[in-house]
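User: I have a chain open in the viewer and would like to go through it with you. Could you start with how far the model can be trusted, and then take me through a few places in the fold?

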Amino acid sequence: MEDVNRLSPPIRFGIFEVNPPAGELRRQGLKVKLQEQPFQILMLLLEHPGEVVTREELQQKLWPADTFVDFDRGLNRAINRLREALGDGTDNPRFIETLPRRGYRFIAPVETAAAELSIVASPRKRWLLVSAGALLAISLVSLGLKVGGRVQPRIQSLAVLPLENLSSDPAQDYFADGMTDELITEIAKIGSLRVISRTSIMQYKAAHKPLPVIARELGVDAVVEGTVVHSGQKVRVTAQLIRARDDRHLWSEKFERDLGDVLRLQGEVAQAIAGQIQIKLTPNEYTSLTRARPVNPRAYEAYLEGSFFRTKATAPELNKSVQLFTQAIELDPAYAQGYAGLSHAYYVMGIRGRRPSGEAYPKAQAAAVKALELDETNLEAHNTLAEVKRGYEWDWAGAEAEYPRMPELNPNRSLPHAGHSDYLSKMGRHVEAIAEARRARELDPIFVGTNNGLGMILYRARRYDEAMRACQIALELDPTNPTPLWFLAQIHEQKREFPEAIAELEKAVSVSGGGTLYRALLAHAHALAGDRAQALSTLNELKTLSTQKYVSPFEIALVYTGLGDRDSAFQWLEKAYRERTMLIQELPSPLFDSLRSDPRFRDLMRRIGLPL
């Protein structure tokens, strides 16, 4: 019988923790489902971090000589399942690196809790346990910091909390929020750190939660908090670094610059933090953090205010953001980030249907190209170009070429991972898409968009139960966001649970203020449920409304699809194709399964460039 009172300590890497005796993998405290063979592979890799574990060694441990299995197929399947559980990818792995024809290597830092290891009696687990001396030595050498004579875990992840506005004018909140965003962007350029994205961070503005609680919710080792004062042409930022597990202040410093040198100030803060947590910057990272150019102070203020309005995403506020970004680049024609902000604002207008695609996307592309002419390393402009290529030009190869570059420019931005996951999903590469969506959520864990994005990717992969859980988390984070309700309703439709689908979409229509997409989806659900009269009534309302404002032809096609009127559905889908409406790329999703057998469907997919 196993001695349950003397168990191996947990092994930690990133936001994951492994309990060897229990055979459990946990992510931020939540158990991750992982089958026996993938778990055993993980343990063997953790036993030799940084070393190559050959395919032959894996075969000897997992598939003894007297076991009659297809080893290559079994190993590949187990590795894929392990990567999926970790949200890891093959192109830019964070945990498991593949060495073709040789084996695999665990490349992330590994640490263990300071507890005594012992060998348990189970033959199945004995080989899995790592010796206390070896693993502790690895922890101390590769991860340790010596503080007060004791080794302390190195800080590998952090969150920059919203800077507090100490200016006398509350209207300057936009400036503090913008400075927070820009500071996160700078620190996120440090590839050896995991830095939480802005959209999760802003949930804690004025939250007044204890720092250890915030750190635990975000899964980080440390937090940066501080204040900003903007007075006249001066900016002063006070920042302090706090270790999460014991709420210990490690460092504090003030930075003051003229507003025109604010970009340099942000780089100085990032460098100071890297120095305090003993991270050695690569030459590229150092160059990126020190090459900031002066910026016109009024242009910078206009840019920050434009960024503030862009996050609201309503039509009036997006128009306001475009005006402010335009003002920024008029004041400073060499300001690359101003053009990048303008490009993204137009892109959001296109994807949300605030303006016709033929108007929004070319403007987004032109601004992104100009931004890259001024600064080829601007990640936001690269991201917009990728989105325009796949969302408007249907240049799938061109879009795919952009995605691998973006993590090199800033490894901690969730947006490129979310876009790449959407691309991979539409290409039918679901395992890779799910891994990228999980990576986006890891960088932005409490943002409704990354959680709903994962739910959307799982829905397209027809993994409905998992998709529902992700969408429910998204809805818990923001009950007023209609997007999770959209995909929850679609999942209910696939399960033939039409009353539940209708209930979700009625809420979506309400919280969106009568958004035409959600009204069309609701009519589609009514049609599937047999209530043709209600579906036709909504259809007529949408057609009437289209004479007063822009209504996407895709939305009209949705209703006809639910009604089973294929000819009308394809007529409106063809119109959506001519307008290059981005949502027509949802054709591969289960939403249009009823049209899949029609030759017109195959022809439309071919012309868009989507795989059949």
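Analyst: The mean pLDDT of the chain (pLDDT being the predictor's confidence in each residue, from 0 to 100) is 84, and 90% of the residues reach 70 or more. Over residues 1-7 the pLDDT is below 50, and this stretch has nine contacts in the model beyond near neighbours in sequence, a contact meaning heavy atoms within 4.5 Å. Over residues 114-151 the pLDDT is also below 50, with 72 contacts in the model beyond near neighbours in sequence. Where pLDDT is low, the predicted coordinates should not be read in detail.

User: What should I know about the ground rules?

Analyst: This is a predicted model, in which local features need pLDDT of at least 70 and side-chain atom pairs count only at pLDDT 80 or more, while totals for chains, interfaces and linings use all residues. Residues are numbered from 1 along each chain as its sequence is written, and side-chain values use heavy atoms, with hydrogens and water left out.

User: How many helices and strands does the chain have?

Analyst: There are 28 helices and 16 strands, taken as DSSP runs numbered from the N terminus (H or I of at least four residues for helices, E of at least two for strands). Of the 612 residues, 56% count as buried, where buried means under 20% relative accessible area, exposed over 50% and partly exposed in between, with a 1.4 Å probe and protein chains only. Among contacts with a separation of 6 or more, 61% are between residues 24 or more positions apart.

User: Which strands make up the open sheet, and in what order?

Analyst: The order is β5-β7-β6, with antiparallel pairing; two strands pair if DSSP finds at least two bridges between them. β5 (52-54) and β6 (96-99) stand at the edges with a single partner strand each, so one side of each has no neighbour in the sheet. The twist averages 30 degrees from one strand to the next. β5 is joined to β7 (residues 103-106) by three bridges, and T54 has G103 in β7 as its bridge partner.

User: And what packs on it?

Analyst: Helix α1 (residues 36-47) lies across β5, β6 and β7, at about 65 degrees to β7; axes are lines fitted to C-alpha atoms, for helices over the stretch in contact, and angles run from 0 to 180 degrees between N-to-C directions. Helix α2 (residues 55-62) also packs on the sheet, where it touches β5 and β7, and its direction makes about 60 degrees with that of β5.

User: Switching to β11, which way do its residues point?

Analyst: In β11 (residues 157-160), S157 and A159 point one way and L158 and V160 the other, and all are buried. β11 pairs in the parallel sense with β13 (residues 194-195) over two bridges, and in the parallel sense with β14 (residues 222-231) over three bridges. L158 has V195 as its bridge partner in β13 and stands opposite A222 in β14.

User: Is E285 buried or exposed?

Analyst: E285, which is in helix α10 (residues 283-290), is buried, with a relative accessible area of 11%. The E285 side chain reaches the backbone nitrogen of T282 at 3.0 Å, a polar contact being a pair of N or O atoms within 3.5 Å; within protein, one must be able to donate a hydrogen and the other to accept it, and residues adjacent in sequence count only if both atoms are side-chain atoms. Leaving aside neighbours within four places in sequence, E285 is in contact with K189, I190, G191, S192 and K280.

User: What about α26, how many of its residues are buried?

Analyst: In helix α26 (residues 553-563), 11 of the 11 residues are buried, so the helix is largely enclosed by the rest of the structure. The cover over these buried residues includes α24 (516-528), α25 (532-545) and α27.

User: Last one: where does W394 sit?

Analyst: W394 is in the loop between α15 (379-393) and α16 (396-402), and it has a positive phi of about 55 degrees although it is not a glycine. W394 is buried, with a relative accessible area of 8%.
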